[in-house]
Amino acid sequence: MKSIILLCSAGMSTSLLVSKMQKEAKERNLELHIEAYGTSMVDEASKVADVILLGPQVRFQLQDIKKRVSVPVEAINMRDYGMMNGKAVLDQALQLMGDL
Amino acid sequence: MQGLELISFEIISSVGMARSCFIEAMRKAREGLFEEAQSLIKEGEGYFIEGHRAHTRLIQFEASGEPLVLTILLTHAQDQLMSAEGFKIIAEEFIHTYQKMN
């Protein structure tokens, strides 16, 4: 099963986005592991993730994290994050994994 | 998603972007890239204003007598707002300092 890991400062606000994405994945009959981590857990995240997405509050760490992991890393669009748009963020993750 | 929850996320997302810009600005200044640093401060200010507007809506909401339910999420949003505000001041000071050193 592929894993999508979302990173934010404490993994708190992002966990709601995770549940929205899980709901969307279920509706599409996709078997995916989606979880939120804090950025202090980037090494753990890189062990399980097929793709990593960053919340707006940690976007400044994008370049650092890119250097540390071998999977695709991107920042989540601010509007999609602000609207908790699970559909759009799931699409972004799938696209990065080459599954869309 | 309920109104209050949506506004909380709007704040978190906007001021989160602002804070990221302010931190990136300090890093650019550290590398001597002062124009880029300044434009990141400007970009961050734009995002911060968006977050601030959302926050103002909340205050108006409360002032109109609507009961405002205090959630962890809203507390987090206010915390992020404060953090972004503080980072802007720090970033500007850092840029000045790096300019003097340059």
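Predicted model: local features only at pLDDT ≥ 70, side-chain atom pairs only at ≥ 80, totals over all residues.
A residue counts here as buried if 20 or more other C-beta atoms lie within 10 Å of its own, with C-beta atoms placed from the backbone. By that criterion strand E1 of chain A is mostly covered, since five of its seven residues are buried.

E1(A) belongs to an open sheet of four strands in chain A, arranged in the order E2-E1-E3-E4 with parallel pairing. At the edges of the sheet are strand E2 (32-38) and strand E4 (73-75) of chain A, each of which pairs on one side only. On average, neighbouring strands of this sheet are turned by 25 degrees against each other, direction ignored.

The pairings of E1(A) can be followed residue by residue. E1(A) and E2(A) run parallel and are joined by seven bridges. Within E2(A), Glu35(A) is the bridge partner of Ile5(A). Strand E1 (residues 2-8) of chain A also pairs in the parallel sense with strand E3 (residues 51-54) of chain A, over four bridges. Here Ile4(A) stands opposite Val51(A) in E3(A), and Leu7(A) has Leu54(A) of E3(A) as its bridge partner.

Helices of chain A pack against these strands. Helix H1 (residues 13-27) of chain A lies across E1 and E2 of chain A and runs at about 175 degrees to E2(A). Helix H5 (residues 86-96) of chain A packs on the sheet as well, touching E1, E3 and E4 of chain A. The direction of H5(A) makes about 140 degrees with that of E3(A).

Next comes the contact between the chains. Eleven residues from chain A and 15 residues from chain B take part in the contact. On the side of chain A that touches chain B, helix H4 (residues 78-82) of chain A gives the most, with three residues. That side of chain A divides into six nonpolar residues, four polar and one charged.

In chain B, the helices themselves can be examined as a packed pair. Helix H2 (residues 34-63) of chain B packs with helix H3 (residues 72-101) of chain B at an angle of about 165 degrees, their axes 11 Å apart. Because angles over 145 degrees count as roughly antiparallel, H2(B) is roughly antiparallel to H3(B). The crossing in which H2(B) passes H3(B) is left-handed. On the H2(B) side, the residues that meet H3(B) include Phe34(B), Ile41(B), Phe48(B), Gly51(B) and His55(B). Among their counterparts in H3(B) are Leu81(B), Lys88(B), Glu92(B) and Ile95(B). The residues of this contact divide into eight nonpolar, four polar and two charged.

Ile11(B) lies in helix H1 (residues 3-30) of chain B. Is Ile11(B) buried or exposed? Ile11(B) is buried, because 27 other C-beta atoms lie within 10 Å. Leaving aside residues up to four places away in sequence, Ile11(B) touches Gly51(B), Ala54(B), His55(B), Ala77(B), Gln80(B) and Leu81(B). Gly51(B), His55(B) and Leu81(B) take part in the contact of H2(B) with H3(B) too. Computed along the chain, Ile11(B) and Ser83(B) are 72 residues apart in sequence, and they are 12 Å apart in space, C-alpha to C-alpha.

Methods:
Residues numbered from 1 in each chain as written. Chains lettered and ligands numbered in written order. Contact = placed C-beta atoms within 7 Å. Helix = DSSP H or I, 4+ residues; strand = E, 2+ residues; numbered from the N terminus. Nonpolar A, V, L, I, M, F, W, Y, C, P; charged D, E, K, R; others polar. Axes fitted to C-alpha atoms, helices over the stretch in contact; angles between N-to-C directions. Parallel < 35°, antiparallel > 145°, perpendicular 65-115°, else oblique. Left-handed = near helix turned anticlockwise from the far one by under 90°. Pairing = 2+ DSSP bridges. Buried ≥ 20, exposed ≤ 12 C-beta atoms within 10 Å, placed from the backbone.
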